[in-house]
Amino acid sequence: MSTSASGGWTVKALGKWDVVVAGGGPAGCTAATAAAQEGKRVLLLEAMGALGGMGTLGLIPSWCPFSDGKQIIYRGLAEKVFTASKKGCPHVHPPDDLSWVPINPEYLKRVYDSLLEEAGVEVLFFTMAAGVKLDGERMTELLIANKGGLAGVQADVFVDCTGDGDLCAWGGAPWEKGDVNGEMQPATLCFSLAPVNTYHYQHGSDTSRNAVKDGVDLSRYTRLGDLHLCNRITGPDTVGFNAGHLWKIDGTDPRSLSSAMREGRRIAAEYRDALAEALPKSFGGAHLAATAPLMGIRETRRIMGDYLLTIKDYLARKSFADEICRNAYPMDMHTARNEISAVLDNKLNIMTRFESYKPGESHGIPYRCLVPRKLRNVLVAGRCISTDRPVQASTRVMPVALAMGEAAGVAAAHACAKQGETRAVDTGALRDRLRQRGAYLP
């Protein structure tokens, strides 16, 4: 380890890896695992103290569907993680269930830990990406910050799984954010209530927005907005909630995030009180057991890549010669602030605002969506790949993130043999290797 002075700051040189992955959410975990399984030396950087992102530290209570209505389509490492995670909720769903399966977040943390340990990935927790160094359009070094101070890590290929496309944006790749006015989907701070009378919750309660809307005086619960109220049993006498909306939050702005965390905790407490009043047999004895340490951000930057996946592609169920996974999730665009009244009046269902797929239908995601413009040795995976805004509302969820992460990891390994050049990857060979690994690429 050597050190250098940069602008008056001491920056340590930690060394060089074949592949460095920034972000330990679903996409980052499968990207790092796949690259290591392909024989590469891999470093994964995670800002928090556990892997899994929204499925663990974000307290998302359930997986989005893993099927296209007929069969599982998020396969390979995605299916491996999903199947392993079910063992953490044996009391809730049958083993063959593929839709809205609950998540035990503590169990899922260990699933990811084991996955990366078995692959031989080096993981640094509590480590933030802080800047990049470029040589033309090549990223040569990533500046990180942790309890060891500032350090630089080098790699042949970098994979940006930060969710916000931080590395790509800092490296000069073009990006878009929000709609034409800059408005983004609302954020949510998930939470858990316990102990809940889960028998009555399952057999005698209606936990839809109408149960709260009709059961309490909403003038006393001013933070509940459009009554966004998704929930699942996540453990014995425990119900996890993806509930509440925070508008005008920018996940790339530290001040905005800080404010959102405070308000999110207030929303969670208000929901506990409203549920206890509206549904006392289920929630009357419950307390606010936990709020997530990670804010649920649905939308920030979309990194512009060599191909832009559009709503026309989605509606056409389009296939691509270089597709690296399939996706069937609806375009799940959450309530804009000016739509609250329509939702409360049951005039708008956010899950059906766009055309839905029929069973067995899906669309492809091309490799080019993972290749940022103006960067030669960087890939991106997760909710910030190259799409338009409506399609991002579909591709942002965890099952497809797991699938595209594995593809990015294998592609990164292939690029290492091409001096890190991601555009030199043979997509035919990449797709063949992904199929060998179990990917669904019909």
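*Entry 1: α1 and α3.* I looked up helix α1 (residues 26–37) against α3 and found them packed at an angle of about 20 degrees, with axes 8 Å apart. I took axes as lines fitted to C-alpha atoms, for helices over the stretch in contact, with angles from 0 to 180 degrees between N-to-C directions. α1 is therefore roughly parallel to α3; angles under 35 degrees count as roughly parallel, over 145 as roughly antiparallel, 65 to 115 as roughly perpendicular and the rest as oblique. Helices (H or I, at least four residues) and strands (E, at least two) are DSSP runs, numbered from the N terminus.

I note that the model is predicted, so that local features need pLDDT of at least 70 and side-chain atom pairs count only at pLDDT 80 or more, while totals for chains, interfaces and linings use all residues. Residues are numbered from 1 along each chain as its sequence is written, and side-chain values use heavy atoms, with hydrogens and water left out.

The crossing of α1 and α3 is left-handed, that is, the near helix is turned anticlockwise from the far one by less than a right angle, whereas clockwise would be right-handed. On the α1 side, I listed Pro-26, Cys-29, Ala-32, Thr-33, Ala-36 and Gln-37 in the contact; on the α3 side, Tyr-112, Leu-115, Leu-116 and Ala-119. Contact means heavy atoms within 4.5 Å. By class, I recorded 8 nonpolar, 2 polar and no charged residues for α1 with α3. Ala, Val, Leu, Ile, Met, Phe, Trp, Tyr, Cys and Pro count as nonpolar, Asp, Glu, Lys and Arg as charged, and the others, Gly among them, as polar.

*Entry 2: α2 and α3.* Helix α2 (residues 77–86) packs on helix α3 (residues 105–119) at about 140 degrees, with their axes 9 Å apart. The two helices α2 and α3 are therefore oblique to each other, and I read their crossing as right-handed. α2 contributes Leu-77, Lys-80, Val-81, Ala-84 and Ser-85 to the contact, and α3 contributes Tyr-107, Leu-108, Val-111, Tyr-112, Leu-115 and Glu-118. I recorded 8 nonpolar, 1 polar and 2 charged residues in the contact of α2 with α3.

I then checked burial in α2: Leu-77, Ala-78, Val-81, Phe-82, Ser-85 and Lys-86 are buried. Buried means under 20% relative accessible area, exposed over 50%, and partly exposed in between (1.4 Å probe, protein chains only). The buried residues of α2 pack against α1, α3 and α12.

*Entry 3: the core.* Which residues touch the most other members of the largest nonpolar core? I found Trp-63, Ile-324 and Ile-365, in a core of 133 residues. The largest share of this core, 13 residues, comes from helix α12 (residues 398–416). A nonpolar core is a set of buried Ala, Val, Leu, Ile, Met, Phe, Trp, Tyr and Cys residues joined through side-chain atoms within 4.5 Å.

Neighbours within four places in sequence aside, I listed the contacts of Trp-63, among them Val-81, Phe-82 and Ser-85, Leu-108 and Tyr-112, and Met-398 and Leu-402. I also looked up Ser-62, which lies in the loop between β3 (42–45) and α2 and is buried at 10% relative accessible area. Beyond four places in sequence, Ser-62 is in contact with Trp-100, Val-101, Pro-102, Ile-103, Arg-232 and Met-398.

*Entry 4: Arg-41.* I placed Arg-41 in the loop between α1 and β3; with 44% relative accessibility, Arg-41 is partly exposed. Residues up to four places away in sequence aside, Arg-41 touches Lys-16, Trp-17, Asp-18 and Val-19. The C-alpha atoms of Arg-41 and Val-19 are 6.5 Å apart in space, at 22 residues apart in sequence.

*Entry 5: I found the peptide bond from Ala-194 to Pro-195 to be cis, with omega near -10 degrees. Pro-195 is in the loop between β9 (191–194) and α5 (198–203).

Asp-237, not a glycine, has a positive phi of about 60 degrees. I located Asp-237 in the loop between β10 (229–235) and β11 (238–243), partly exposed at 39% relative accessible area. Arg-317 also has a positive phi, near 50 degrees. Is Arg-317 buried or exposed? I found Arg-317 buried, at 17% relative accessibility, in the loop between α9 (311–315) and β14 (323–327).

*Entry 6: Lys-318.* Lys-318 lies in the loop between α9 and β14 and is partly exposed at 33% relative accessibility. Not counting residues up to four places away in sequence, I found Lys-318 touching Tyr-307, Asp-313, Glu-323, Arg-326, His-363 and Gly-364.
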